[in-house]
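The following exercises concern a predicted model. Each task is followed by a worked solution.

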Amino acid sequence: MNDPSAVKRKARRTAEGGAAKVTLEMVAASAGVSAATVSRILNGTAIVSNDKRAAVDEAIARLGFVPNPVARGLAGGRTLSVGVVTQAIDSPFYGGALRGIEDTLGAAGYSPLFVSGQWTAVHEARCIDTLRSRRVDGVIVLTGRLTDAALAATARELPVVVTGRMMKAPNLVALDFDNFEGARLATHHLLSLGHRRIAFIAGDLKHSDGKERLRGYRAALEAAGLRYEPGLVMPGNFTEASGLAAVERLIDSREAFTAIFAANDQMAFGAGLGLHRRKLRVPADVSLVGFDDLASAVYSIPPLTTVHHPVGELGQLAAQAMLQLLAGEAPTLALPAPRLVVRESTCELGVPRRR
């Protein structure tokens, strides 16, 4: 058994600038409590007086003690880590969600482990296996291609939060955004400005986001008494390059159009470049609308009219839902409704904006 006086002397030497590693026992000796009490305080399970808690906090600060989250978690049957399956680490869209997840989990003492599914179910399944081998306490999946059945099976082993779809399963929370309504708002905005020949650059139609945004576009046209014209719809894959290619195909097709609604901002940026290269001005010749309201949308030339998709809040809510699942609670969280952010890339047909 350790000599308490020796532990205190070692703690004193460390506090005075020694290089010895600070241990839980040293904090306990310095605070005048047991190591078990320090452990329970760190895990948030202790019922102690304010004086004891203050003594432990002061000892931790003075000695520079850094708790080992893995050891703390294992003591309570957890690793205090949450796996996060994104699709592309470098995505300007998912980056905002990752930041929201990291901040929210970090504030609760959890660490996120990020892996990229690369938009394939096979890669995502491997990511889940890797995270499970790391003994994460739960998994957050940002959209992705895994089937509902695969996610429900994972949720039988550990809590799962998934975004970008609607599904129900035990130990699982799904958070979805109203992509249909967002696309309807964007198209209706162009219709309200007098545009009738509105081209649409679609996202990946294997994806619920892409399908719902196309459905919203079609619904707005139908409500305005306009016929859906396949020739005005160009395929894309949510990247800038696909937006550029879509505009080039659209112009080469000789279809008449006065406005473009791109299913995300990245494709809208590419479309804007394509229009510029063909000597078409935004919005004087072609009005342009995006979707997502990326941070860079306000800095494009001209600033982009777009549908606000609260991606940072999406990450925060996903993390909050996971923390509630881990606490044995039933999350009742929901994303806010979409809203249109009108900037200088759209104008009334025949009445260009002054610059």
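**Exercise 1.** Which helix supplies the largest share of the lining of the largest pocket?

*Solution.* The largest share, three residues, comes from α6. Helices here are DSSP runs of H or I with at least four residues, strands are runs of E with at least two, and both are numbered from the N terminus. A pocket is an open set of points on a 1 Å grid over the protein atoms alone, where a 1.4 Å probe fits, with protein on both sides within 12 Å along at least five of seven lines; lining residues have an atom within 4 Å of a point. Residues are numbered from 1 along each chain as its sequence is written. Local features need pLDDT of at least 70 and side-chain atom pairs 80 or more, whereas totals for linings use all residues, and side-chain values use heavy atoms, without hydrogens and water.

**Exercise 2.** Determine the surroundings of Q266, one of the residues nearest the centre of the largest pocket.

*Solution.* First, locate Q266 in helix α12 (residues 265-277). Next, classify Q266: its relative accessibility is 12%, so it counts as buried (under 20%, with a 1.4 Å probe and protein chains only). Then list the contacts (heavy atoms within 4.5 Å): beyond neighbours within four places in sequence, Q266 touches P92, F238, T239, E240 and L294.

**Exercise 3.** Which elements do the buried residues of α13 pack against?

*Solution.* Among the buried residues of α13 are V311, L314 and G315. The buried residues pack against β1 (81-86), α6 (92-107), β3 (138-142), β4 (160-163) and β5 (172-175). Just after α13, G328 has a positive phi of about 80 degrees.

How values were computed
Buried means under 20% relative accessible area, exposed over 50%, partly exposed in between (1.4 Å probe, protein chains only).
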